[in-house]
Amino acid sequence: MARKAVTDGGKRDEIIAAAMECFFEKGYDGTTVRSIMKKAGGEIGLFYYYFDSKDEVFDRVLDRFFAGYEKEAARIAGSVYRDPFRALTRFFWYMIAETERFRETYGEKLHRTVRWAIREHTLTLIVPYIRQILEALVCLGARPPLELDVTAIVLAHGVGSTILHEDSDWMKRRARDARKASNVLMGLDPDQASLMFPEDAGQDDIPRIADLAGEMPEQFPGFVLEDFEAALEEAIGRREVLVIRCRGSLAGCIAFSRQRKEIDFLAVAPAWRKRGVASRLLITAMSELPAESELSVVTYREGNPLGVGARRLYERFGFREGQLLTVFDYPCQRLLGTAPACLPALEKNQKG
């Protein structure tokens with residue numbers, strides 16, 4: 001009798017669902033084809049109409065179990081082309097959250113042989129997604145001392161395996177150490193790593209951001225400390241402020257509005273200029289807006305020495321001249337840009 005096509009549903013799906021229940025409860029060795037078919041409500045011959053062996057149906061059970069996880073892992077890895085500096089962190093935080101949810105759902109009810117199989121399958125599954133993220137980071141300055149494939153495997157079986165084996169609270173406490181290990185594998189020294197990865201600002205960052213703006217009042221027409229701090233507090237509450245920190249100090253900050261699709265504030269401390277801080281902040285802020293949406297920023301007009309650096313940055317990211325404005329009696333101009341669906345430097349990687 002010819003076997004059914006793999007795409008055939010119906011009874012085949014019922015058998016996979018029954019097999020999942022059996023494997024999860026009794027483990028691989030404790031599950032027989034007979035017990036699967038008893039739960040599925042069919043004869044043993046029907047099992048072999050769809051599957052060659054218990055091994056094959058076990059593989060299909062794992063495929064089904066991991067389908068949702070794999071879809072989300074692919075989405076996070078794919079976000080690297082718009083938001084490259086946070087993709088790896090988000091990937092591992094997703095693993096931590098899902099591992100915690102898995103434990104809450106199954107606890108000790110899951111047979112240990114299946115738990116082990118799921119762990120091994122997870123580590124195999126995540127390697128290509130971690131490699132995808134690393135490949136983009138290499139284009140943007142990371143320099144892994146090992147081959148990329150090896151680096152991806154070491155990260156997956158190092159950080160990934162730790163997430164799967166250790167308590168979630170322990171992982172959260174050790175997140176900084178895990179990040180340091182990842183940075184070493186990416187060939188980044190502490191300063192390079194700190195300057196590469198923007199983070200959400202917290203309320204305790206407000207004084208330092210205000211100090212940064214206050215040190216260069218000529219760059220921010222109409223700067224009033226109290227108003228600035230109040231606006232920052234609201235923006236941080238909306239998660240619309242990003243910072244880069246290095247050596248315990250604030251290297252740079254950007255504030256933006258998702259609703260208005262506008263860059264409201266961008267500043268880099270003098271000690272950290274010409275290190276790519278402004279570019280990374282702008283790239284990360286733009287990733288918070290819908291791909292291909294128009295955004296804007298107001299800066300000084302062409303020819304004003306105060307606006308040379310800012311205009312050069314925005315022009316490098318494709319911003320074009322817009323409306324001439326006067327802001328607090330300063331001649332300014334609105335520049336218009338587009339939130340990229342993929343950074344130009346990463347287009348080749350995405351197509352590959």
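Predicted model: local features only at pLDDT ≥ 70, side-chain atom pairs only at ≥ 80, totals over all residues.
Local features require pLDDT of at least 70 and side-chain atom pairs count only at pLDDT 80 or more, whereas totals for chains, interfaces and linings use all residues. Residues are numbered from 1 along each chain as its sequence is written, and side-chain values use heavy atoms, without hydrogens and water.

Strand β5 spans residues 294-300, and because 5 of its 7 residues are buried, it is largely enclosed by the rest of the structure (buried: under 20% relative accessible area, 1.4 Å probe, protein chains only). Helices (H or I, at least four residues) and strands (E, at least two) are DSSP runs numbered from the N terminus; two strands pair if DSSP finds at least two bridges between them. Strand β4 (residues 262-268) pairs with β5 in the parallel sense over 2 bridges. The chain passes from β4 through helix α13 (residues 277-286) to β5 in a right-handed β-α-β crossover (clockwise from the first strand over the helix to the second, with the strands pointing away from the viewer). Strands β5 and β7 (residues 330-338) run antiparallel and are joined by 7 bridges; Gln333 in β7 is the bridge partner of Thr299.

The second largest pocket is lined by 31 residues, with Arg176, Arg179, Lys180, Asn183 and Glu199 nearest its centre. A pocket is an open set of points on a 1 Å grid over the protein atoms alone where a 1.4 Å probe fits, with protein on both sides within 12 Å along at least five of seven lines; lining residues have an atom within 4 Å of a point. Helix α9 gives the largest share of this lining, 8 residues.

Notes:
Buried < 20%, exposed > 50% of the residue type's maximum accessible area, 1.4 Å probe, protein only.
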